[in-house]
Amino acid sequence: MSKPLHQLRAGVIGTGFIGPVHIEALKRLGVQVTAVCGSTNNAKATANQWGIPEVYGDYDYQAMVRSPHVDVVHITSPNKAHVEQSLAALAAGKHVVCEKPLGMTSEETEKVVVAVKKGGRRGPVFAVNYMCRFFPAVLQMRAMVERGDLGRIIHVQGHFFQDWLLQETDYNWRILASEGGKLRAVGDIGTHWIDAVSFILGAKATAVFAHLETFHKKRLRPRDEVQTFAKVDPDEMDSYKVDTEDFASVLLKFGKSKHDFASGVHASASISQVAAGWKCSLSVGIYGTEGSVRWDLQQPNEIIVGRRDEPNQILQRGTAGFMEDVANFTDYPGGHPEGFPDSHKMHYRAVYEHILTNKKAPALFATAADGHYEVRLCEAVLKSSRAKGWVRV
Ligand SMILES: NC(=O)c1ccc[n+]([C@@H]2O[C@H](COP(=O)([O-])OP(=O)(O)OC[C@H]3O[C@@H](n4cnc5c(N)ncnc54)[C@H](O)[C@@H]3O)[C@@H](O)[C@H]2O)c1
């Protein structure tokens, strides 16, 4: 590690489900969390809980990004606030870690790409929180593809399944296109899958064929706004028409990879937020001419390597064969599980090291351009579902 990370000071916008995940990961890294912004009551309560000195209530992110005690702004507000808050932070010369998706439309996310480019070589660093890249398993699969361990990659298959929106009484702002964007399951979790697969293959999808379905055409919502995963009494709810998808089937054609043997790969993914029993299962299988590798986020510490003519192997993080390539991205020995909070920690470590080394440390994280690409991909998915055919991204 170059310089200690406590030289940098973070300000976090948003105090719901994921805001405190950022705060906890930053504190575990030794980064100073100096400011928090949200609704007046929540920002005060979060600051009190975590010992954060500067509090910006009434969603006053403009004041927070101008604070001389903040170097890096973490944006964990709902999707529709991401672009305006990113642009304000960049204009104030601050580095940014923005939650996914980068924005609601590619028209607005392009503005972030332009603003980051304008900053140039010495300008602020911008990362989008596709932190699944930083699970050691994902980095290990990427190294195996890169080295050619699996031979020529033939196809990729997987899913991202959750069940927290299974019932018609399950409510969150993400269900409303006006709040979360026109795509919900694909935009919210499908883009994690696509970003992780793009990262592993070293290639972007160039065409998609998608089918979207809304199982609950109508749902019930609470009269007041609630935090993600909160449960509400149905007597205190009103009916509304749903305008986003509950699940999707997506075919993807990946383009040219940095590695010849991973170009032109075909992939298929099922995405669902109404899949009973699955809490947060991002599952991916990479199938090549010499072997395959499979992983599921719900068992984050192991990968299954498959061979046609040899026994299959289960490799465990922190042990031989699943250690050497990912040593910088894991802190605990084998048998001491690491998971979701650690992937955030490893992501922020990579971003903060990139900042502290004047961008010399590798930028393995998703950039503004990657975030913009995911939003364009979502637009292609929607177009394909309506046209019932392949659409180029
Ligand atoms: N990377 C991941 O794995 C991951 C996981 C969950 C959520 N997310 C993303 O994080 C974001 C927040 O999701 P969440 O689940 O924490 O939602 P949430 O509803 O639980 O929390 C959102 C918070 O933002 C606050 N807020 C609302 N408008 C705001 C504004 N204009 N400025 C500042 N704060 C505002 C709300 O009061 C609330 O505290 C979303 O973009 C979501 O896609 C990412």
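This is a predicted model: local features need pLDDT of at least 70, side-chain atom pairs count only at pLDDT 80 or more; totals for chains, interfaces and linings use all residues.
Reader: Which pocket is the space taken by the ligand?

Author: Numbering runs from 1 along each chain as its sequence is written, and side-chain values use heavy atoms, with hydrogens and water left out. A pocket here is an open set of 1 Å grid points that fit a 1.4 Å probe, with protein on both sides within 12 Å along at least five of seven lines; a molecule sits there if more than half of its atoms lie within 2 Å of those points. The ligand's space is the largest pocket.

Reader: Which residues come nearest to the ligand?

Author: There are 26 residues around the ligand (a heavy atom within 4 Å). Nearest of these are Asn79, Glu99, Lys100, Trp173 and Thr228.

Reader: Which ligand atom type does the Glu99 side chain lie 3.0 Å from?

Author: Polar contacts are N or O pairs within 3.5 Å. Tyr59 has a polar side-chain atom 3.4 Å from a ligand oxygen, and Thr15 has a side-chain N or O atom 3.3 Å from a ligand oxygen. For Glu99, the polar side-chain atom pairs up with a nitrogen.

Reader: How many charged residues are in the shell around the ligand?

Author: Domain 1 (5-130) and domain 2 (132-365 + 372-387) each give that shell at least three residues. By class, 10 are nonpolar and 12 polar, while the charged ones number 4.

Reader: What is omega for the peptide bond from Lys100 to Pro101?

Author: Lys100 is also among the residues nearest the ligand. Its peptide bond to Pro101 is cis, and omega is near -15 degrees.

Key: A polar contact is a pair of N or O atoms within 3.5 Å; within protein, one must be able to donate a hydrogen and the other to accept it, and residues adjacent in sequence count only if both atoms are side-chain atoms. On a 1 Å grid over the protein atoms alone, a cavity is a set of points where a 1.4 Å probe fits but cannot get out, and a pocket is an open set with protein on both sides within 12 Å along at least five of seven lines; lining residues have an atom within 4 Å of a point. Ala, Val, Leu, Ile, Met, Phe, Trp, Tyr, Cys and Pro count as nonpolar, Asp, Glu, Lys and Arg as charged, and the others, Gly among them, as polar. Domain bounds come from an automatic or database domain assignment.
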